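Student: I would like a close look at one part of this model, starting from a single residue. Please go on from there to the surroundings and the packing, and give the cut-offs as you use them.

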Amino acid sequence: MRHILLNLAIGLFGAILLVLTLAGAAMIWGERLDLAAAQNQEMQEGRNLIATNLLPATDTIKDQARIANIIRAFDDNPLVSAHLVDPWGFDRLQSVPARVAYQPPSWFVWLVAPKRQEVHIDFGQTGTLHLQPYLLPSVETIWHRTAMNLGAMAGGLFFISVIAIFLVRRSLHVLTDLEQASVRLLSGDEGQMGARSTLGQAFDRLAGKFQETIAQNARLTRMIDRLQEEERSELARNLHDDIGPQLFAVDVDASTIIRQSEQQSPDLHAIAERASAIRASATTMKRHVRQLLGQLRPNEALKLGLEPAVRNLAGYWNERRPELKFGISIASEPHNGLLDGTLYAVIREAIANAVKHGHPRYIDISVDSSAQELRLRVADDGGGAASFEGPGYGVIGMRERVQSVGGRFIIDRRVDVAGVVVAATIPFGQNGHNPIGARQ
Ligand SMILES: Nc1ncnc2c1ncn2[C@@H]1O[C@H](COP(=O)(O)OP(=O)(O)O)[C@@H](O)[C@H]1O
Ligand SMILES: [Mg+2]
């Protein structure tokens with residue numbers, strides 16, 4: 001800031017010097033013209049005076065007396081001096097020059113004084129009368145006048161400059177505040193500027209938003225960690241529940257086969273039966289593994305499209321809740337990685353919530369679209385909910401995902417039966433693409 005003020009002061013000083021120089025030059029030029037005109041006129045008058053008083057020249061003594069009178073007439077003249085020089089070159093008489101209190105510097109005299117004009121009138125034996133410009137008194141007046149004018153001007157300009165520097169300094173304070181507040185903000189402090197100016201208010205609002213975003217990020221990170229943990233423990237539970245009993249059955253069947261085959265007369269029929277049972281277990285396990293992999297890698301499942309992925313999900317739940325039926329109607333497939341993923345994640349959490357918190361017999365899943373938007377609805381008849389603010393992040397996660405692609409999300413109790421409905425509406429951008437999704 002000091003740097004800016006110093007530059008400004010130097011700039012203003014330079015500008016003042018330039019203005020004063022130009023103004024001074026203009027003033028001196030004007031004075032010089034005026035002085036030339038005045039000198040001209042005075043010389044002309046001197047010439048007339050001589051012409052009317054001294055001609056024709058007859059008598060030397062009388063002439064001398066008359067010339068002396070004329071010369072005295074130029075006493076104290078501020079523009080012209082008169083003197084008589086005899087034929088031998090000596091000054092005989094001269095007018096008394098006007099007094100000068102202060103002698104201006106010679107460069108100033110040189111600047112202001114116009115071209116010299118001289119008048120010489122020859123009186124033969126009596127000598128030569130010279131009228132010469134004598135400008136010192138006028139130049140002195142001009143010197144004072146110019147100094148006063150330029151001084152007043154310099155004072156005025158200096159005053160304006162001081163005010164300008166003061167105003168700039170005040171505005172720069174806002175910038176300094178802004179700089180300090182930004183540093184505080186970036187180092188994790190509050191970073192408020194104090195709403196003294198419009199800029200300060202805007203900055204404070206921005207800082208507030210920034211803090212909010214940081215808090216939201218932290219919340220999202222916690223949410224993702226928590227979701228991951230929930231998902232992992234669910235997968236571990238499923239592995240234990242689904243694969244564990246099958247492996248146990250395979251173990252028992254294999255032991256039976258070994259025992260049978262070690263007998264004297266093995267029961268071949270029983271061995272074949274156990275072997276078939278092992279195959280059946282293997283088939284079941286393969287199906288479970290496929291479903292688990294579908295859960296682990298939803299993107300893989302989604303490669304075939306949203307509908308097969310949702311049907312795989314429904315199959316997974318059917319294994320665990322044979323009484324639960326699904327109605328799946330996916331009329332419109334976005335065929336867009338981001339939107340498919342969003343819809344799939346919302347459907348998965350909605351089903352998980354219905355099973356976890358209620359006793360549904362039927363879950364209806366539908367996806368359809370108009371020209372402007374894509375609509376998703378998942379409705380269960382599990383009994384409904386008192387509140388949707390659970391300890392988990394399922395509902396928050398669904399909402400965040402839908403909002404992140406510019407959509408609206410609603411979760412509510414159903415009005416027709418006791419159950420919960422989850423609905424999402426995601427608008428398309430131009431050309432039927434979701435503007436956010438289209439970039440993916
Ligand atoms: N389909 C549903 N049926 C009954 N209650 C529900 C349903 N969906 C959500 N809820 C309620 O909303 C709460 C919040 O759900 P969620 O955020 O997914 O957390 P969590 O499932 O970990 O409890 C749940 O605890 C539950 O009380
Ligand atoms: Mg949940």
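Tutor: Gln-64 counts as partly exposed, because it has 17 C-beta neighbours inside 10 Å. The burial scale places C-beta atoms from the backbone and counts the others within 10 Å: 20 or more is buried, 12 or fewer is exposed, and anything in between is partly exposed. The model is predicted, so local features are given only at pLDDT of at least 70 and side-chain atom pairs only at pLDDT 80 or more, while totals for chains, interfaces and linings use all residues. Residues are numbered from 1 along each chain as its sequence is written, and chains are lettered from A and ligands numbered from 1 in the order in which they are written.

Gln-64 lies in helix H2, where helices (H or I, at least four residues) and strands (E, at least two) are DSSP runs numbered from the N terminus. The C-alpha atom of Gln-64 is 36 Å from that of Ser-106, and the two residues are 42 apart along the chain. Another contrast of sequence and space involves Leu-49 of helix H1 (residues 2-54). Its C-alpha atom is separated by 7.8 Å from that of Ile-70, 21 residues apart along the chain. Outside the four places on either side in sequence, Leu-49 has contacts with Ile-70 and Ala-73, a contact being two C-beta atoms, placed from the backbone, within 7 Å. Leu-49 is partly exposed, with 15 other C-beta atoms within 10 Å.

Asp-76 has a positive phi, near 60°, although it is not glycine. It counts as exposed, because it has 11 C-beta neighbours inside 10 Å. Glu-118, in the loop between helix H3 (106-112) and strand E3 (119-122), is also exposed, with 10 such neighbours inside 10 Å. Beyond four places in sequence, Glu-118 is in contact with His-130, Leu-131 and Gln-132.

Next, the helix packing. Helix H4 (residues 136-186) and helix H5 (residues 198-262) pack at about 5°, and their axes are 11 Å apart. The axes are lines fitted to C-alpha atoms, for helices over the stretch in contact, and angles between N-to-C directions run from 0 to 180 degrees. H4 and H5 are therefore roughly parallel, on a scale where under 35 degrees is roughly parallel, over 145 roughly antiparallel, 65 to 115 roughly perpendicular and the rest oblique. H4 contributes Val-174, Asp-177, Leu-178, Ala-181 and Leu-185 to the contact, and H5 contributes Leu-199, Gly-200, Phe-203, Ala-207 and Phe-210. Of the residues in this contact, eight are nonpolar, one is polar and one is charged. In that count Ala, Val, Leu, Ile, Met, Phe, Trp, Tyr, Cys and Pro are nonpolar, Asp, Glu, Lys and Arg are charged, and the others, Gly among them, are polar.

The largest nonpolar core has 29 residues, and Val-310, Leu-343, Val-346, Ile-347, Ala-350 and Val-378 have the most contacts inside it. Such a core is a set of buried Ala, Val, Leu, Ile, Met, Phe, Trp, Tyr and Cys residues joined through C-beta atoms within 7 Å. Elements giving two or more residues to this core include helix H8 (306-320), helix H9 (337-357) and strand E6 (362-369). H9 gives the most, with seven residues. Setting aside neighbours within four places in sequence, Val-346 is in contact with Leu-376, Met-398, Arg-401, Val-402, Val-422 and Ala-424. Another core lies apart from it and has 17 residues, among them Ile-70, Tyr-134, Leu-136 and Val-139.

Helix H10 has Gly-394, Met-398 and Val-402 as its buried residues. They cover an arc of only 65° around the axis, which puts them on the same side of H10; the arc is taken over the directions from the helix axis to the C-beta atoms. The cover over the buried residues of H10 includes H9, strand E8 (408-413) and E9. Following H10 is Gly-406, with a positive phi near 85°.
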